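Hi there,

Here is the structure I promised to pass along.

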Amino acid sequence: MVLRVAVVGGGPAGSSAAEILAKAGIETYIFERKLDNAKPCGGAIPLCMVDEFDLPPEIIDRRVRKMKLISPSNIEVSIGQTLKDDEYIGMCRREVMDSFMRNRAAELGANLINGTVSKLEIPSNDKDPYTLHYSDHSQGQIKGEMKTLKVDLVIGADGANSRIAKAIDAGDYNYAIAFQERIRLPQDKMEYYEELAEMYVGDDVSPDFYAWVFPKYDHVAVGTGTMKVNQAKIKQLQAGIRQRAAKRLEGGEIIRVEAHPIPEHPRPRRVVGRVALVGDAAGTVTKSSGEGIYFAAKSARMCAEVIVEASNNGQTVPTEKDLKRYLKIWDKTYGATYLVLDILQRVFYRSDATREAFVEMCADIDVQEMTFDSYLYKTVVPANPLKQMKITAKTIGSLLRGNALAP
């Protein structure tokens, strides 16, 4: 037999899974509804992702080496002086990055289907195949032609509104909304953002997250995120970031408006039967930083590697127990990272006083060095005990000065 796997969703998660499966000779189908999809997303990727996922330089619009963190009272802290010459944060347009990764998976042997999966039919036993019902858009029709596909295994990489997650009753999760405008700036204003990204904190731009101005190829992405999910509130917060960054955005032209849900924690069930969830569908976005691209791709790659190993390169069908190994590896590798970022968000995003303390703390070189090392390389290298004590003392000092330790 040859194992048949359907990967639903063709973003960084789905493409990463499909690539690993196709390389192993497994019969792989990858479904993507919109091949030109531009997901509203800050588009920042850590340096380690460029090497780890073999991303070519041309898909990176900007190499950010400086960052400004701007407090509720508009105190600006410049971050980036600890970076080495060859270190940067990559800024990508998702339509460019996703297309590259998806097409690479197809070139390696994955069957790319331009289709919308509408239903997953679950077998009554652990031997029979799963049946996917989908609309095939390959002839250019919006409605598409209804088709079915039978497979042994399904990977749900179809985002926060995952139909695969609903089909397996994976459980709900809280989610935030990311709202973003792409703004084309005059050349002199664009030069300011050549290697610079900005993050704004404050109740006026986000009550539980942050707002951003990130440079792209020929425009900046200006957006905010919040768990207060109602249209009036999001418009108010977007007006807040536009106002805070007004001088730097003068003369800009809005070329695109985007919004998208972002999961706030993992789903209760990420593997059910022979179906596994990865990326946003599983809930791999981090707290505090809201980072999603690297962890989505990484979770999918881990899942696919477990499938390849458990199936002996596609010779047998993995069980639910086999698939759950991916979750054990994932939680062991990244559990602490998620816990720390969750605590940081709870401590520092509570009020404008705690946000002022957070910005003050980020001015410290030791804090910057530790933050960038953990972000760029995803390896939290323990600081020496003396440095760790210094950082802890500075954190408490910042909170006290900002009256942020009051109830």
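Let me begin with a sheet: 8 strands make up an open sheet of mixed pairing, in the order β10-β9-β8-β2-β1-β11-β18-β17. The edges are taken by β10 (145–151) and β17 (271–272), and each has a single partner strand, so one side of each is left without a neighbour in the sheet. Please keep in mind that this is a predicted model.

Inside that sheet, β2 (residues 27–32) and β8 (residues 111–121) are paired in the parallel sense through 4 bridges. As a reminder, strands of a sheet pair through backbone hydrogen bonds, either parallel or antiparallel.

Now for the chain as a whole. Its secondary structure comes to 12 helices and 18 strands. The C-alpha trace spans about 65 × 50 × 40 Å along its principal axes. The radius of gyration is 22 Å, which agrees with the value near 22 Å for a compact globule, because the chain has 407 residues. Of the 407 residues, 56% are buried. The accessible surface is about 18200 Å², and carbon and sulfur atoms account for 53% of that. Among contacts between residues at least 6 apart in sequence, 72% join residues at least 24 apart.

How many of its 7 residues are buried? The count is 7 of the 7, so β13 is largely enclosed by the rest of the structure. In a regular strand the side chains alternate between the two faces of the sheet. In β13 both faces are covered: Leu196, Glu198, Tyr200 and Gly202 are buried on one side, and Ala197, Met199 and Val201 are buried on the other.

β13 also has pairing partners to show you. Strand β5 (residues 66–70) runs parallel to β13 and is joined to it by 5 bridges, with lysine 66 partnered by leucine 196. With β14 (residues 206–215), β13 pairs in the antiparallel sense over 4 bridges, and tyrosine 200 stands opposite alanine 211. β13 and β14 form a hairpin, with 3 residues between them.

On to the helices. Helix α3 (residues 94–107) has 14 residues and reaches 20 Å from its first C-alpha to its last, close to the 20 Å expected at 1.5 Å a residue. Its buried residues are Arg94, Glu95, Met97, Asp98, Met101, Arg102, Arg104 and Ala105. After α3 comes glycine 109, with a positive phi near 125 degrees.

In helix α11 (residues 365–377) you will find glutamine 368, which counts as buried at 2% relative accessibility. Leaving aside neighbours within four places in sequence, glutamine 368 is in contact with Val77, Ser78, Ile79, Gly80, Gln81, Thr82, Cys362 and Ala363.

Finally, a point for anyone thinking about cysteines: how many disulfides are there? The count comes to 0. For cysteine 48, the closest cysteine sulfur is in cysteine 92, and at 13 Å that is too far for a bond. Cysteine 48 counts as buried at 12% relative accessibility, and cysteine 92 is buried too, with a relative accessible area of 1%.

Best wishes

Key:
Residues are numbered from 1 along each chain as its sequence is written. This is a predicted model: local features need pLDDT of at least 70, side-chain atom pairs count only at pLDDT 80 or more; totals for chains, interfaces and linings use all residues. Side-chain values use heavy atoms; hydrogens and water are left out. Helices (H or I, at least four residues) and strands (E, at least two) are DSSP runs, numbered from the N terminus. The expected span of a helix is 1.5 Å times one less than its number of residues. Buried means under 20% relative accessible area, exposed over 50%, partly exposed in between (1.4 Å probe, protein chains only). A disulfide is a pair of cysteine sulfur atoms within 2.5 Å. The radius of gyration is taken over C-alpha atoms; the globule rule is 2.2 Å times the number of residues to the power 0.38. Contact means heavy atoms within 4.5 Å. Accessible areas come from the Shrake-Rupley method with a 1.4 Å probe; for residues, only the protein chains shown count as cover. Two strands pair if DSSP finds at least two bridges between them.
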